[in-house]
Amino acid sequence: MQRRVVIPGLVGLMLLIASVRWWQASQEIEDTILQFHPPSLEQRLAAIGDIRDLSPTLQKAFTPGRNFLPMPMPGPRDWLAKYPEGGQTFNDFLRSEPNRLDDQRRLIYLQPIGDFATNFAPSLEKLREFTETYFTLETKLLPTLTIAADQVTTRVREGTERPQWLAADLLKLLEPQLPPDAYCLLGITLTDLFSQTTDTYVFGQATIKNRTGIFSFARFDPAFYDDPRPTDVKTLILRRSCHTLAHETCHIFGMQHCIFYSCPVNGSNHLAENDSRPMQLCPVCLRKLHAIVGFDPVERDRKLQEVYQQFQFLDEAAWIQRRLRAVAGESHRNN
Ligand SMILES: [Zn+2]
Ligand SMILES: [Zn+2]
């Protein structure tokens with residue numbers, strides 16, 4: 001009798017100890033998953049992948065050197081503190097079978113939606129020029145689309161008292177409009193956007209499968225938050241708009257958020273975090289874009305430098321100067 005009592009008691013105690021250990025172990029795993037640790041140099045290089053069989057120029061273009069900053073530890077409000085991500089290496093990207101260029105689909109289309117005729121709207125022609133140079137694909141600007149009230153779910157966001165459009169409704173409107181020669185169709189608007197899964201706002205939303213995205217530049221003018229406009233506000237709005245175009249279009253090219261370097265493809269949880277990210281793609285993301293488009297990286301950088309100088313993006317132009325020195329051995333360019 002005693003045995004029958006003792007043995008189940010011991011088994012029960014052992015089971016209790018085992019389940020406590022299991023609970024502790026699973027808590028440790030959960031803590032590891034929930035806390036983001038910036039990848040080490042070895043992990044960053046592994047994410048770029050094996051470049052030994054590439055041409056000398058490509059090897060230099062995908063070698064980080066001192067021109068790229070590693071991903072910093074996120075602050076408490078930053079994206080990776082809220083949404084820890086595992087990252088997508090170059091090889092993961094290839095395995096995901098992103099949309100390829102083919103003989104038919106080789107163009108990017110920009111579709112302005114709603115009013116862009118305001119004083120502080122980014123120049124549509126400059127956005128077209130940036131997109132064409134950054135992605136090295138011919139980019140066409142479509143005539144501005146006016147949206148009727150019954151075509152999109154609209155709400156007024158408490159706090160800003162400004163109208164917001166449901167991004168999914170705009171995607172549904174755009175998807176049937178994808179031109180037959182489009183690699184992708186990018187809707188852009190100055191109206192704030194929201195999605196069904198967030199109660200605040202979204203900068204954009206895209207579907208890789210349908211090659212379509214919708215991005216809002218509404219929050220890039222400090223006046224949106226009733227903040228004063230700095231003297232260089234037009235350059236600030238244009239830079240933020242170009243940065244968002246780069247980020248969201250990279251998603252349509254099949255790229256997930258970058259966790260390896262400070263990069264425009266990093267997730268971003270607020271405007272200050274967005275502003276802190278550079279315009280230049282890190283070597284992991286540059287190699288992904290190159291796998292789809294196949295550009296000459298030196299030629300791309302030279303053209304980007306001209307665009308940045310023309311747009312008064314002086315930090316970006318200076319960075320390319322340094323990068324061209326490392327990749328192409330160029331000591332000085334005046335234009
Ligand atoms: Zn994103
Ligand atoms: Zn990156």
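Helices α6 and α8 cross in a right-handed sense. Their packing angle is about 45°, and the two axes lie 10 Å apart. With that angle, α6 is oblique to α8. Please keep in mind as you read on that this is a predicted model. The chain has 335 residues, 33% of which count as buried, and its secondary structure consists of 12 helices and eight strands. Among contacts with a separation of 6 or more, 72% link residues 24 or more positions apart.

**The α6 and α8 helix pair**

- Helix α6 covers residues 124–135, while helix α8 covers residues 233–252.
- Which residues meet where the two helices pack? From α6 come Lys 126, Leu 127, Phe 130, Thr 131, Tyr 134 and Phe 135.

**The five-strand sheet**

- Five strands make an open sheet in the order β2-β1-β5-β8-β7, and the pairing is mixed.
- Strand β1 (residues 107–113) runs parallel to β5, and seven bridges join the two. One of the pairings here sets Leu 107 against its bridge partner Ala 182 in β5.
- β5 also pairs in the parallel sense with β8 (residues 212–216), this time over five bridges. Here Ile 188 stands opposite Phe 215 of β8.
- β7 and β8 run antiparallel and are joined by four bridges. In this pair, Thr 207 has Thr 212 of β8 opposite.
- Is β5 mostly covered or mostly open? Strand β5 (residues 182–189) is mostly covered, with seven of its eight residues buried.

**The three-strand sheet**

- A further open sheet holds three strands in the order β3-β4-β6, again with mixed pairing.
- β3 (154–157) and β6 (192–194) are the edge strands here; each has a single partner, so one side of each lacks a neighbour in the sheet.
- From one strand to the next, the twist averages 45°.
- β3 and β4 run antiparallel, with four bridges between them. Val 156 stands opposite Pro 163 in β4.
- The hairpin of β3 and β4 has four residues between its strands, and Gly 159 takes a positive phi near 105° there.
- β4 (residues 162–166) and β6 pair in the parallel sense over three bridges. Gln 164 has Asp 192 as its bridge partner in β6, and Trp 165 is partnered by Leu 193.

**Helix α7 and the three-strand sheet**

- Helix α7 (residues 167–174) lies across β4 and β6 of the three-strand sheet, running at about 50° to β4.

**The nonpolar core**

- How many residues does the largest nonpolar core have? That core has 66 residues.
- The residues with the most contacts inside the core are Leu 186, Cys 258, Phe 260, Tyr 261, Cys 282, Val 284 and Cys 285.
- Helix α8 supplies the largest share of this core, with seven residues.
- With neighbours within four places in sequence left aside, Cys 258 is in contact with Cys 263, Val 265, Asn 266, Cys 282, Val 284 and Cys 285.

Terms used
Residues are numbered from 1 along each chain as its sequence is written. Chains are lettered from A and ligands numbered from 1 in the order in which they are written. This is a predicted model: local features need pLDDT of at least 70, side-chain atom pairs count only at pLDDT 80 or more; totals for chains, interfaces and linings use all residues. Two strands pair if DSSP finds at least two bridges between them. Axes are lines fitted to C-alpha atoms, for helices over the stretch in contact, and angles run from 0 to 180 degrees between N-to-C directions. Two residues are in contact if their C-beta atoms, placed from the backbone, lie within 7 Å. A nonpolar core is a set of buried Ala, Val, Leu, Ile, Met, Phe, Trp, Tyr and Cys residues joined through C-beta atoms within 7 Å. A residue is buried if 20 or more other C-beta atoms lie within 10 Å of its own, exposed if 12 or fewer, and partly exposed in between; C-beta atoms are placed from the backbone. Angles under 35 degrees count as roughly parallel, over 145 as roughly antiparallel, 65 to 115 as roughly perpendicular and the rest as oblique. A crossing is left-handed if the near helix is turned anticlockwise from the far one by less than a right angle, and right-handed if clockwise.
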